[in-house]
Amino acid sequence: MTDRPIFNILISGVGGQGVVLASYVLSRVALAEGYDVKQSEVHGMAQRGGCVTSHLRFGDKVYSALITPGTADVLLSFEQVEALRYVHWLKPGGLLVYNSARVNPVTVSSGAVEYPEGIDERIAEAWPNARKVDAGALAARAGTVKAANVVMLGAMASALPFTPEMLESVIRKSVPPRTEDVNLAAFQLGLEVAVPA
Amino acid sequence: MTPPEAATAGSGAKADAPELVILSGNEAIARGAWEAGVRFASAYPGTPSTEIMEALAKYEDVYAEWAPNEKVAIEAATGAALAGARALATMKHVGLNVGADPFFSSSMIHMAGGLVIVSADDPAMHSSQDEQDNRTYAKFAKLAMVEPADADEALQYIKAAYEISERFGTSVLFRTTTRTSHAQGVARFGERATPAGPLLELERDPSQQLMMPHNAIPRHAAVEQRLLDLADFAETTALNRVEMGDTRVGIVASGAAYGYAREAFPQASFLKLGMSWPLPKRLIAGFRAQVEKLYVVEELDPFLEENIRLQGVVVDGGKDILPLCGEFSPGLVARTLSAAGVPGVDESLLLVVPAADEDLPDRPPTLCPGCAHRGVFVALRRLRAFVSGDIGCYSLGALAPFNAMHCSTCMGAGISMAHGMARVLDEDADTKNRPVAVIGDSTLFHSGITSLLDVAYNRSNVVTVILDNRTTAMTGGQENPSVGKTLQGHDAPLVDIPALVRSLGITRVREIDPLNVAETQAVLKEEIASDEPSVVIAVSPCVLEYRIKRPAYRVDPDVCTGCKVCLRAGCTALSLYRNGDGEPRVEIDPAVCSGCSVCSQLCRYEAIRPPLTDDGKDA
């Protein structure tokens, strides 16, 4: 086997946004491509409206299920504040792909603090190598806003050592029955925003 | 879109299972237990252990159950092992405190079948009240301990644990942490070792199984000899392995910490302990002799370090360098050890990039939209009651904006602690200082009933609120005696909670709809004022588990004054925005709102309205 360095993907979002499915698809693609894979997220109390992160790592041999800040090849963020919160986990030159969605934390819903403005500008300043995606709108165009996570997979695909076809075949097998077409359409829209014509 | 259910454990039970699969550590433990021929498994749910029993329950030929608590689970598994079956009990770390009594007993008696007890520890307390290091339990109870570092080891090692259990006549502590239980990895499937025939009779051997002093005295000596035999076995078992590299640095590690150290110091020599009690004395001394410096890398307590030092082995670095609190990561191990002069670090892990998140809003967990606990905590806050809480989703009542819980320790303690407070508080104390205990259905069955019996029998004026949401919600919705189903889907009788409470001797029993805030508040106020033991039962099924989605409420922007009182409902469906005149107004996200109406009950201006009727009219 050739020497393949470990590829680190950190996914950040909010409970219920589909972080788990995105990790599921990426880890199964990596296994099918012959990589060793480790993935870690925390269940339990963190699910109740809290932020959710998933660490996904693949390479010839992976010992740790956790990524170290400053070493992520890709940060895939499903929410803008959760993108800025984890941007320092990227390695120099790493790629940030983030959803422009805003999900209010309970601290905002309860009026204790305001949702910060100007997140896009702060991200642009902190991390020029960033792709912003309106995943909700694209997913709606594909047929359901629930497929926003699959749009995000499409938007990051060009940064991965996998072909889009490989991702598509695992997505097809991973989504609920009868949602294959809408999810593959969502994936395609994600691919297109990532590589502007 | 959510992942397909049981994509791993379910399909894993088939004969044509793939050779390599991705499993979580918990799913791998279930698979390994099934392959080991386990017939009986019992558990009480607890993060990060819950998914073991959920996955195992899907395999054929295994009986798996939710017990009311961990003590019962270990006792039942001990009985099954005594009857000759391979048996499993699983729990989170603090669950082993509840099960400690039978855990110690299991070490003393001889069982024909293997018994493995899984303790899933939670360094960093992702979902726990403490981060106790349960490795000490193995030493304390004088039995063998096995620790996997990843999913594949979890699958293979639990099979080894059953071999050890039966060969040496010991129960085995199988210790994981959050990062070995919940992390996924590539695992290798094997075949199931089919248990030999049906078990038809119970062997009678009181000298080995009835622990009165005359039997227990010789058994203690046998247990001490067993420890010596296990230590000999630890010298040669494949669970413990030496990986020689750069002889300047030798690292002893087990569990997830091994993976972190392996990546932080890729060239170093390692003694990787998969059987971490009793320790292999000669193996450790031999490894020490081959390296210039010896470091012990372990999360939480210096368990390995202290016991290695006790053997007279010089340790050059351990807890004097590494933290006692929280969980490790490759970066943490790299930074701390290299700062202490350990050579050979992976430099890429030392990069420090400042975080940009100082001013970003926190995203703490909160009650789900539509959760019926919300109405109870709004009422308790308004009454300014002292709330003695317990373990469950309702622990979130402690957080803003409710701030309506003032103490919470361990499972079932809310009621008994309130009893102690009530017994010492002066009769003239203001009623707002009269403690109100809050407990969920599953926690009541776990260890709240005996506490409530204390209140009833010893007559304290505690008000106990039972939040019966018909599930074990915090751990993801497991069956319990308030559900009507068992783990494996069989019908089960429902506990009649009001009748149970009355049978204990409590006559003041009130039932309320917790989503009716005014009623809830009025009933609680009356009960707090009474001088007798009182129980208020709030029945409302969990919106998440029972997928309850009522039509969304809406805000009339011309009536809303932006007073923010509704925001005290602490619901993420609500948010503030500024209208065209720059005035603050509240809006409801209809995709998030579950239509529980609590926010509309808080509104003083009737600005939050029920959904429109079918013909489009205001209700």
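This is a predicted model: local features need pLDDT of at least 70, side-chain atom pairs count only at pLDDT 80 or more; totals for chains, interfaces and linings use all residues.
In chain B, B:Asp468 stands opposite B:Val539 in strand 18, and this position belongs to a parallel pairing in which 6 bridges join strand 16 (residues 463-468) of chain B to strand 18 (residues 534-539) of chain B.

Residues are numbered from 1 along each chain as its sequence is written, and chains are lettered from A and ligands numbered from 1 in the order in which they are written.

Staying with chain B, let me turn to helix packing. Helix 16 (residues 373-383) of chain B and helix 20 (residues 517-529) of chain B pack at an angle of about 50 degrees with their axes 9 Å apart, where axes are lines fitted to C-alpha atoms, for helices over the stretch in contact, and angles run from 0 to 180 degrees between N-to-C directions. That makes helix 16 of chain B oblique to helix 20 of chain B, on a scale where angles under 35 degrees count as roughly parallel, over 145 as roughly antiparallel, 65 to 115 as roughly perpendicular and the rest as oblique. The crossing of helix 16 of chain B and helix 20 of chain B is right-handed, meaning that the near helix is turned clockwise from the far one by less than a right angle. Among the residues that make the contact are B:Val376, B:Leu380 and B:Leu383 of helix 16 of chain B, and B:Leu524 and B:Ile528 of helix 20 of chain B, contact being defined by C-beta atoms, placed from the backbone, that lie within 7 Å. The contact of helix 16 with helix 20 of chain B divides into 8 nonpolar, 3 polar and 2 charged residues, with Ala, Val, Leu, Ile, Met, Phe, Trp, Tyr, Cys and Pro counted as nonpolar, Asp, Glu, Lys and Arg as charged, and the others, Gly among them, as polar.

Now the sheets of chain B. One is an open sheet of 7 strands in the order 3-2-4-5-7-6-12, with mixed pairing; its edge strands are strand 3 (63-66) and strand 12 (275-277) of chain B, each pairing on one side only, and the twist averages 25 degrees from one strand to the next. Within this sheet, strand 2 (residues 40-43) and strand 4 (residues 87-92) of chain B pair in the parallel sense over 4 bridges, and B:Ala43 has B:Thr90 as its bridge partner in strand 4 of chain B. Helix 4 (residues 70-82) of chain B packs on the sheet, touching strand 2, strand 4 and strand 5 (115-121), and its direction makes about 165 degrees with that of strand 4 of chain B. Helix 8 (residues 151-168) of chain B packs on the sheet as well, touching strand 5, strand 6 (144-146) and strand 7 (172-177), and its direction makes about 160 degrees with that of strand 7 of chain B.

Another open sheet of chain B has 4 strands in the order 9-11-10-13, also with mixed pairing. Strand 9 (240-243) and strand 13 (293-297) of chain B stand at the edges, each with a single partner strand, so one side of each is left without a neighbour in the sheet.

Finally, chain A and its interface. The secondary structure of chain A comes to 8 helices and 6 strands. How many residues of chain A are in contact with chain B? There are 59, and they meet 56 residues of chain B. The side of chain A that touches chain B has 29 nonpolar, 22 polar and 8 charged residues. Across the two chains, strand 2 of chain A and strand 8 (residues 184-188) of chain B pair in the antiparallel sense over 2 bridges, with A:Gln39 standing opposite B:Gln184.

Terms used: Two residues are in contact if their C-beta atoms, placed from the backbone, lie within 7 Å. Two strands pair if DSSP finds at least two bridges between them.
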